[in-house]
Amino acid sequence: MKFKRTIRYEGELDRSLYYYMLSLPEGEGIIRCIQCGTCSGVCPLSIYMDFTPRKLIALVREGFSMDVLSSFTIWLCSSCYACTVSCPQEIKITEIMYALKRKAIEEGVYPRRFPVPVLAREFFQMVLRNGRSSESLLVLNLILKTNISKALSYVPLGLKLLKTRRLSLKKERTPGASEVKAILEGLKEGGP
Amino acid sequence: MRYAYYPGCSLKGTGKAYEKSTLALFTALDIELVEIPDWNCCGATAYMAVDEIASAALSFRNLVLAQEMGMKKIVAPCSACYLNLIRAKKIYLGNGPAREKLCKALEKANLEFDCSALPEVLHPLQVLTEDLGIEKFKERVKRPLKGWNLVPYYGCQVARPYDGYDDPVYPVKMDLLLEAAGAQVISDYPLKTRCCGGSLTGTIENVGIRLNFLLIKEAKKRGGEAIVTICPLCQFNLEMYQGKMEEKFRMPVLYLPQVLGLALGLSPEELGFQHLVYKPHMEV
């Protein structure tokens, strides 16, 4: 019988992510967590997560940095803020999830063709170019880039949209697109 | 009453029934909404995962545009837009490191504005319940929606984290409006603000659909004949993914202004009922 080790030795821990979180205004609250589990209790997605929000915070603090960044948990968070308004320690858990998503994207630790970061990037690019997003085009792009084998399963949905005259393949663009671009590029030059 | 109107991308796309009904309802109530002509995307939730400051800067530009129009208040019907506009304002008025970066970006783009008079951000629900008032609305009702069993579903981001004008978990303002419209409101619906999953239906589909399935199942169990929403993404998820659910509900999912507009005597056509997949079967 083969055994798989699921715990870590102290020497394998890496607290860099914890210190990084402490350096962020939205992340420093992590130090106050009392591990009560209220966040996991109110989270509508915790039952689908590999680590519940409470567990995730514990893992960050103990130095399981890669386990956290490569978890599904951060991508399942849909930013509903149920945890944030319920946390007795007033920890901004939703913002922490956002910060972890940004870190994971930055370090490139997510499955290839994984749709959430792809959606985020596609969206970002579309707004950079046009100042507005065109929903139907965005979704079409997402399907092509991540899930082309399932493209057919979207046909009924597309037909429903067509029938109710809600499908528009027109590219939306604001007259202020160049100003929007200036703002976004100004941020880039300034560096993060 | 006069407001800058910030539609956001969804109300011009799949949520066009929301735009139609909001404009029709407000016109009928003599509330003027003036669209910001060159508004841009608010950044939505997807943007936050890439760049927090960029998201704030995008939203902030819309506040500036509303100010240029001479407006003191800006109405944003989409939950994500509503949240992002408030967030941008909070970052600007705060004193964290994010503020510095935001200010730099605004400076580079040569945006000029009066920082002491940034417009107030309101959701249509707030305009109706606070600026107009539920009593005033009730006076205008011509066709009470007798016998309509409606489930008010608020979704998440209108209720929290920023609102403060209603409870973040069990809000009641929409319930009160629907009652004023003469409907039978299922007020004890416990999933009022339980998340629909937002963009998860498009990314991790099985989980996204499951969340919406639970919302509709509970609404039906409690005798709901239609769900009433105030967010374009909630409406889209709840309505469009019913075909992919394990049980075929055919539950109508309406926008609040569509329902209120009917009670004021507006026609279903004016209120964008033609854009719904499942039409309510109740009689007006």
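**Reading salt bridges in a predicted model**

Q: What is the relative accessible area of Glu35(B), and how should I read that value?
A: Relative accessible area sorts residues into buried (under 20%), exposed (over 50%) and partly exposed (in between), computed with a 1.4 Å probe on protein chains only. Glu35(B) has a value of 31%, so this residue counts as partly exposed. This is a predicted model, in which local features need pLDDT of at least 70 and side-chain atom pairs count only at pLDDT 80 or more, while totals for chains, interfaces and linings use all residues. Residues are numbered from 1 along each chain, chains are lettered from A and ligands numbered from 1 in the order written, and side-chain values use heavy atoms, without hydrogens and water.

Q: Which side chain meets that of Glu35(B) in a salt bridge?
A: A salt bridge is a side-chain nitrogen of Lys or Arg within 4 Å of a carboxyl oxygen of Asp or Glu. Here the partner of Glu35(B) is Lys12(B), with 3.1 Å from N to O. Helices (H or I, at least four residues) and strands (E, at least two) are DSSP runs, numbered from the N terminus. Lys12(B) lies in helix α1 and Glu35(B) in strand β2 of chain B, so the pair ties together parts that are 23 residues apart in sequence. Lys12(B) is partly exposed, at 25%.

Q: How many salt bridges are there over all chains?
A: The count comes to 25. One of the pairs is Arg87(B) with Glu95(A), at 3.2 Å from N to O. Arg87(B) lies in helix α5 of chain B and Glu95(A) in helix α7 of chain A, so this pair joins two chains.

Q: Are Lys192(B) and Asp175(B) buried or exposed?
A: Both are buried, and their closest N and O atoms are 2.9 Å apart in a salt bridge.
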